[in-house]
Amino acid sequence: MADYLFDAAQARDNLVAAIRRIAKEQGFSKVVLGISGGKDSTVAAALCARALGAENVYGVMLPDGEQKDISDSVRVCEVLGIRSRTINIGEMHRELRRLTDQLGDNAAPGEFSVPAHRESDLNVGPRLRMTTLRYIAQALGARLVGTGNFSEITVGYCTKDGDTSSDFSLLGALTSVEVVEVGLTMEELPRELVVKTPTDGLSGKSDEERLGVTYRDIHAFIRLGTSGDEAVDARIARMERMNMHKRRRPVVLDPFAGA
């Protein structure tokens with residue numbers, strides 16, 4: 001298969017133009033996005049600042065309790081000169097955890113109990129963040145920017161009704177590798193933030209450790225059709241198949257169709 005050619009500078013400029021175009025079409029001038037300190041939100045914030053002006057970009061830092069790399073998030077906002085706020089969702093998460101913990105112990109007659117579930121709890125953070133971002137965006141009359149990339153979307157490394165929810169997906173057509181390449185064309189961004197090892201900020205592991213494959217493998221699978229390893233391809237294909245529901249709107253069942 002032929003090599004896949006990617007012009008990062010052209011992609012950057014096309015996305016800046018696309019932001020301006022959708023802003024004009026929909027009649028908005030301000031955007032809100034979560035700033036995690038990782039490459040995706042960093043590059044997304046820089047693209048928005050170029051397109052709309054830094055004064056129209058609102059970056060929200062949403063640590064869940066203590067975030068060890070919160071200084072990276074602060075640095076992104078400072079370097080770009082965008083408006084910023086920090087809202088710690090830890091208290092909300094703790095209260096929800098307390099309430100859900102009770103579901104396994106206090107089931108009344110006729111009620112069902114709900115067991116503790118680690119993955120469910122890990123996904124609470126992204127969902128609380130999105131609820132908070134939605135509130136802020138609506139209050140400011142701004143649009144909410146999605147910062148997830150194509151690699152994460154392909155393998156389902158995202159939270160339904162969490163980071164999959166936005167008014168427009170800015171990086172959804174770029175693989176993780178391509179996001180880095182775009183970021184490296186932007187002189188306003190510190191290189192170390194663009195090439196930073198991605199983590200979910202929840203489990204204590206890197207993204208690649210959790211996925212069991214590398215982002216370069218996923219990039220090759222998407223753009224070239226194979227990572228070069230049949231077992232890796234099979235793993236990625238299975239994740240894509242199992243998580244397709246995250247990429248689609250809810251299925252509407254047709255009551256008028258025949259049996």
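Before we look at any residue, let me say that buried means under 20% relative accessible area, exposed means over 50%, and partly exposed lies in between, with a 1.4 Å probe and protein chains only. What we have here is a predicted model, in which local features need pLDDT of at least 70 and side-chain atom pairs count only at pLDDT 80 or more, while totals for chains, interfaces and linings use all residues. Residues are numbered from 1 along each chain as its sequence is written, and side-chain values use heavy atoms, with hydrogens and water left out.

My topic is salt bridges, a salt bridge being a side-chain nitrogen of Lys or Arg within 4 Å of a carboxyl oxygen of Asp or Glu. The structure holds 14 of them.

Let me begin with R75 and E192, which form a salt bridge whose closest N and O atoms are 2.7 Å apart. This pair links distant parts of the chain, 117 residues apart, since R75 sits in helix 3 (residues 70-80) and E192 in helix 8 (residues 191-194); helices here are DSSP runs of H or I with at least four residues, numbered from the N terminus. R75 counts as partly exposed because its relative accessible area is 33%, and E192 is partly exposed at 42%.

Turning to R97 and D121, their side chains meet in a salt bridge at 3.1 Å, N to O. Here too distant parts of the chain are linked, with R97 in helix 4 (residues 90-101) and D121 in helix 5 (residues 118-140), 24 residues apart.

Finally, R50, E187 and E188 are joined in a network of salt bridges.

Notes:
Helices (H or I, at least four residues) and strands (E, at least two) are DSSP runs, numbered from the N terminus.
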